[in-house]
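Please look over the structure below before reading on. The paragraphs that follow go through its domains, the contact between them, and a few details elsewhere.

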Amino acid sequence: MDKIKIIGGKKLEGKIFISGAKNAALPLICASLLTDDTVTLTNMPQLSDIKSMNALLETMGTKIDEFNDFMDGHETKTYSYRTQKFDSLVAPYDYVRKMRASYYVLGPVLARKGHVELSLPGGCAIGARPMDIHLTSLEQMGAKIEIKNGYVHADIDGRLKGAHIIFPLASVGATCNILMAATLAEGQTIIENAAKEPEIGDLITLLNKMGAKIEGINTSILKITGVKKLNGATHKVIADRIEAGSYAIAAAITKGKIELVNAQPQTLQVPLKILKSMGIKIEERENSIIVDAQNVNFEGKDIMTDYYPGFPTDLQAQFMALMTVADGASLVTEQIWENRFMHVPELLRMGANINVHGHASAIVRGVKRLSGAPVMATDLRASFALVLAGLAAEGETTVNRVYHLDRGYEKLDEKLKAVGAEIRRVSEAEDE
Ligand code: UD1
């Protein structure tokens, strides 16, 4: 298994190209299951999660073509998806176990074919992650749902029926799944308390290009008027706000200056506001963000994760890494996931001063310097937090289990090396 080795203490300077958003791309890929026409997605990131989703769709009968593309001198991928006929209506355990977002096949396949079987994802490192909202909403739309042998079996007689659905909480996954299902339902569906993350706006934009009738983009009330058939479309995936936020912190924690090319500042307003309040200079441009922390002694600030547009839970671990070397204390509160402080024991091993209180809050008291250590994390964003800590630490940090990073950070070592980090990927064999 590959590892990342970092010699810390280098100031990062230069430009980093922000890739297409993983969490937008995954539901967009599944939207292609709603039509027998071709859906083409450009600005696709090269990530193992995208490969896993492509492999799942291929088992179901989707034909996928891959093309190399260039954007602002950077290599990106374009994929075309065409599902004329289904070979299978099953999302097997082996796929869902590896990637929870496999559940995005549920709504589209059920709406188009009237039957789908999806392995239940089970727990994961950051929480229990139930799917109750997805399932009860589909039942409200007339689906018959049964759980058998670890699988959800969903059936409908004819078409799904439009319904007035009020979500108990603004789940991202349930919003995408019910949106996709409702596009082909009979009549009108209203989703109240829908999630408003930019990735959902991207999905709505593609679905409307495909002929869906969805109103209320970027609001918490979505109105979907079902149509009988959807057509193909071409769509450019939005920039990854979590990747951009992660590299913004790489600039801050190394007291460097990085331009995040292609980043969309409007999708990162709360994290950018916090960086500014810490004393870090932020310049927001139309298609980029410049983060300048040169000669800044930044102060710790409190953060509390929340649904969009609140502070994203997917940037909590990275901000905590930054707070470990800030002046003073910061209170970090996690409201979305019940078990998302897995990075704390590893940061402690690097010399951080953090006290976790219960499951939801942690006090971080800034230290002068972290020191490098072998570390590992159990999820994607926590792994990146350890990379950040390694960039700031004295000496060598080895981040194990790089496969977590490969799920969500495209060419991370190359991108960081290009702005001056001393970082390399080593295979287990090389390391011995
Ligand atoms: C998505 C993101 C993930 C991010 C999360 C919150 C993708 C592929 N993943 O995950 O990176 O951390 O949004 O921004 O886009 N819940 C229920 N019942 C349900 C569904 C969710 O109780 O049926 C709970 C979850 O346990 C969690 C909270 O709701 O506590 C948020 O979950 P949700 O918004 O659904 O997250 P995901 O879509 O899985």
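In the domain assignment, the protein chain is divided into domain 1, made of 3-19 + 239-431, and domain 2, made of 22-236. The model shown here is predicted. Taken over C-alpha atoms, the centres of domain 1 and domain 2 are 30 Å apart. To the contact, domain 1 gives 27 residues and domain 2 gives 26 residues.

How much area do domain 1 and domain 2 bury between them? The value is about 2,200 Å², and 53% of it is on carbon and sulfur atoms.

The next step is to look at what crosses this interface. Two salt bridges are found across the interface of domain 1 and domain 2. Seven residue pairs are in polar contact between domain 1 and domain 2, counting pairs with both residues at pLDDT 80 or more. Which elements give two or more residues to the side of domain 1 that touches domain 2? They are helix H12 (380-392) and helix H13 (403-408). H13 supplies the largest share of that side, with four residues. Sorted by class, the side of domain 1 that touches domain 2 holds 11 charged, 10 nonpolar and six polar residues.

**Salt bridges**

In the whole structure, the search finds 23 salt bridges. One of the salt bridges links the side chains of Arg241 and Glu199, at 2.8 Å from N to O. Arg241 belongs to helix H8 (residues 241-253) and Glu199 to helix H7 (residues 198-209), so this pair ties together parts that lie 42 residues apart in sequence. Another salt bridge is formed by the side chains of Asp49 and Arg407, with an N to O distance of 2.8 Å.

Strand S8 (residues 144-148) and strand S9 (residues 151-155) run antiparallel and are joined by five bridges. Which residue in S9 stands opposite Lys148? It is Tyr151. Two residues lie between S8 and S9, and the two strands form a hairpin. Asn149 is in the turn of this hairpin and has a positive phi of about 50°.

Note on methods: Residues are numbered from 1 along each chain as its sequence is written. This is a predicted model: local features need pLDDT of at least 70, side-chain atom pairs count only at pLDDT 80 or more; totals for chains, interfaces and linings use all residues. Side-chain values use heavy atoms; hydrogens and water are left out. Domain bounds come from an automatic or database domain assignment. Contact means heavy atoms within 4.5 Å. Buried area is the accessible area (1.4 Å probe) that two parts lose on being put together, summed over both. A salt bridge is a side-chain nitrogen of Lys or Arg within 4 Å of a carboxyl oxygen of Asp or Glu. A polar contact is a pair of N or O atoms within 3.5 Å; within protein, one must be able to donate a hydrogen and the other to accept it, and residues adjacent in sequence count only if both atoms are side-chain atoms. Ala, Val, Leu, Ile, Met, Phe, Trp, Tyr, Cys and Pro count as nonpolar, Asp, Glu, Lys and Arg as charged, and the others, Gly among them, as polar. Two strands pair if DSSP finds at least two bridges between them.
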